[in-house]
Amino acid sequence: MNSVTVRVPAKVNLRLAVGPLRDDGFHDLVNVFHAVSIFDEVRAVAETGMRVRVEGESASEVPQDADNLAIRAALALAGHAGRSYGVSIVIRKAIPVAGGMAGGSADAAAALVACNELWGLGLPVEDLMEIAADLGSDVPFALLGGTAVGTGRGERLSPLDVDGTFHWVFALADGGLSTARVYGECDRLRAVSGEPVGPPRASEPLLTALRTGDAKALGAELANDLQAAAISLRPSLATTLEAGRAHGALGAIVSGSGPTCAFLAESAEHATALAASLKTAGVAREVLTAHGPVPGPTVV
Ligand SMILES: C[C@@](CO)(OP(=O)(O)O)[C@H](O)COP(=O)(O)OP(=O)(O)OC[C@H]1O[C@@H](n2ccc(N)nc2=O)[C@H](O)[C@@H]1O
Ligand SMILES: Nc1ncnc2c1ncn2[C@@H]1O[C@H](COP(=O)(O)OP(=O)(O)O)[C@@H](O)[C@H]1O
């Protein structure tokens, strides 16, 4: 085999409950991930050496060297296999960069799947999951797809039952937000408020809404403990969220560490209308519609 192409989805966090800062610099989470139909495409071509090229409008915002998460994933996989394999990786980027939609994690997961196939390693998904967790907290979910709850740093996953399809609108912002900086701002705001921070908690009504495909109930249950921090660093996000609510979104939330905002719609038609209203309101750089859940990395 000379090349393998993998399509991999973005994620939105339906609930992101953040516990206190741990000694290792991470936070314990209850993180409900949901894969949505905005896709990067990652092509792995047999070659000596390791290189990466990124294509698409946002290519200039992504490292095209050993810092690229897809190359880091390929190196980690080769290390696990104990061989010095080579690969040329080409990423066609559609997931917003540093947007809170785990695009880098998605590319890393896609690279693991593509190189496992290209190099004929035949490693089981359990091995890929272990490598994924070392690459980043969100990478295991990027390998899994669908809808799942992550605990620990977000890397310990349990898949969730979902009935049907949910329809989403995403408002993309100009420029990204650093994940580490948003967690840091969350800690700072908590210290200022003086409120005690308990362990992160799951939400039974959210799980029921997913199980029964109840979009209205899901909209009411969306919650993100990083949202206040993202708004503190980027105050214009409050206006974007308010515009979505005013135009009838069932729920409006910052996606993960932001700055992308996610709006839940009643139907595909409602999502199209809501996206048009948000474009007219001029509260985003770009507005996309998508649906979820969708499967994880898929060889195409
Ligand atoms: C916030 C979330 C929500 O799913 O994703 P994004 O919205 O950024 O995509 C994740 O927790 C991001 O996961 P990921 O982007 O993989 O983060 P990592 O590379 O593991 O960690 C980057 C930094 O984020 C902070 N971090 C991350 C995960 C965690 N449970 N606690 C943390 O405090 C730490 O400061 C860490 O150094
Ligand atoms: N393949 C990649 N795609 C996107 N960003 C990458 C990639 N590899 C490394 N990065 C770096 O990771 C940072 C976070 O990117 P991303 O995963 O898109 O955002 P987020 O953590 O907000 O979901 C970017 O600013 C970029 O410097």
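Reader: Hi! What should I know about the numbering and the model before we start?

Author: Residues are numbered from 1 along each chain as its sequence is written, while chains are lettered from A and ligands numbered from 1 in the order in which they are written. This is a predicted model, where local features need pLDDT of at least 70 and side-chain atom pairs count only at pLDDT 80 or more, though totals for chains, interfaces and linings use all residues.

Reader: Great. Which domains does the assignment give for the protein chain?

Author: The assignment gives domain 1 (3–160) and domain 2 (166–292); such bounds come from an automatic or database domain assignment. Taken over C-alpha atoms, the centres of domain 1 and domain 2 are 22 Å apart. Their contact takes 29 residues from domain 1 and 35 residues from domain 2, where two residues are in contact if their C-beta atoms, placed from the backbone, lie within 7 Å.

Reader: Which elements supply the side of domain 1 that touches domain 2?

Author: β1, β2 and β5 (147–151) each supply at least two residues of that side. Helices (H or I, at least four residues) and strands (E, at least two) are DSSP runs, numbered from the N terminus. By class, the side of domain 1 that touches domain 2 has 19 nonpolar, eight polar and two charged residues. Here Ala, Val, Leu, Ile, Met, Phe, Trp, Tyr, Cys and Pro count as nonpolar, Asp, Glu, Lys and Arg as charged, and the others, Gly among them, as polar.

Reader: Nice. On to the ligands: which residues are closest to ligand 1?

Author: G136, S137, D138, T179 and G256 are the closest of the 20 residues that surround ligand 1. A residue is near a molecule or strand if its C-beta atom, placed from the backbone, lies within 6 Å of it. β1 (3–21), β2 (27–46) and α5 (179–193) are the elements that give two or more residues to this shell. The shell around ligand 1 has six nonpolar, 12 polar and two charged residues, and at least three residues come from each of domain 1 and domain 2.

Reader: And which residues come nearest to ligand 2?

Author: There are 20 residues around ligand 2, and L69, A98, G103, G104 and D107 come nearest. The elements giving two or more residues to its shell are α1 (69–81) and α2 (103–118), and α2 has the largest share, with four residues. By class, the shell around ligand 2 has nine nonpolar, nine polar and two charged residues.

Reader: Where does ligand 2 lie relative to the domains?

Author: Ligand 2 lies between domain 1 and domain 2, because both give residues to its shell.

Reader: Switching topic: where does UniProt place the "active site" feature?

Author: The unreviewed UniProt entry places "active site" at K11 and D138. They span 128 residues in sequence, yet no two of their C-alpha atoms are more than 9.4 Å apart, so they gather at one spot. UniProt positions are given in the numbering used here, feature names are shortened, and annotations may be inferred rather than shown by experiment.

Reader: Is K11 buried or exposed?

Author: K11 counts as buried, because it has 30 C-beta neighbours inside 10 Å. A residue is buried if 20 or more other C-beta atoms lie within 10 Å of its own, exposed if 12 or fewer, and partly exposed in between, with C-beta atoms placed from the backbone. K11 is found in strand β1. Leaving aside neighbours within four places in sequence, the contacts of K11 include F33, M101 and F141.

Reader: What about D138, buried or exposed?

Author: D138 counts as buried too, with 28 C-beta neighbours inside 10 Å. D138 sits in the loop between α3 (125–135) and α4 (139–144). Apart from neighbours within four places in sequence, D138 is in contact with A102, S105 and G154.

Reader: Last one: which residues of α9 are buried?

Author: In helix α9 (residues 236–246), L237, T240, L241, A243 and G244 are buried. Seen down the axis of α9, the buried residues fall within an arc of 155°, so they line one face of the helix; the arc is that of the directions from the helix axis to the C-beta atoms. On the other side of α9, T239, R245 and A246 are exposed. The buried residues of α9 pack against several elements, including β7 (166–172) and α10.
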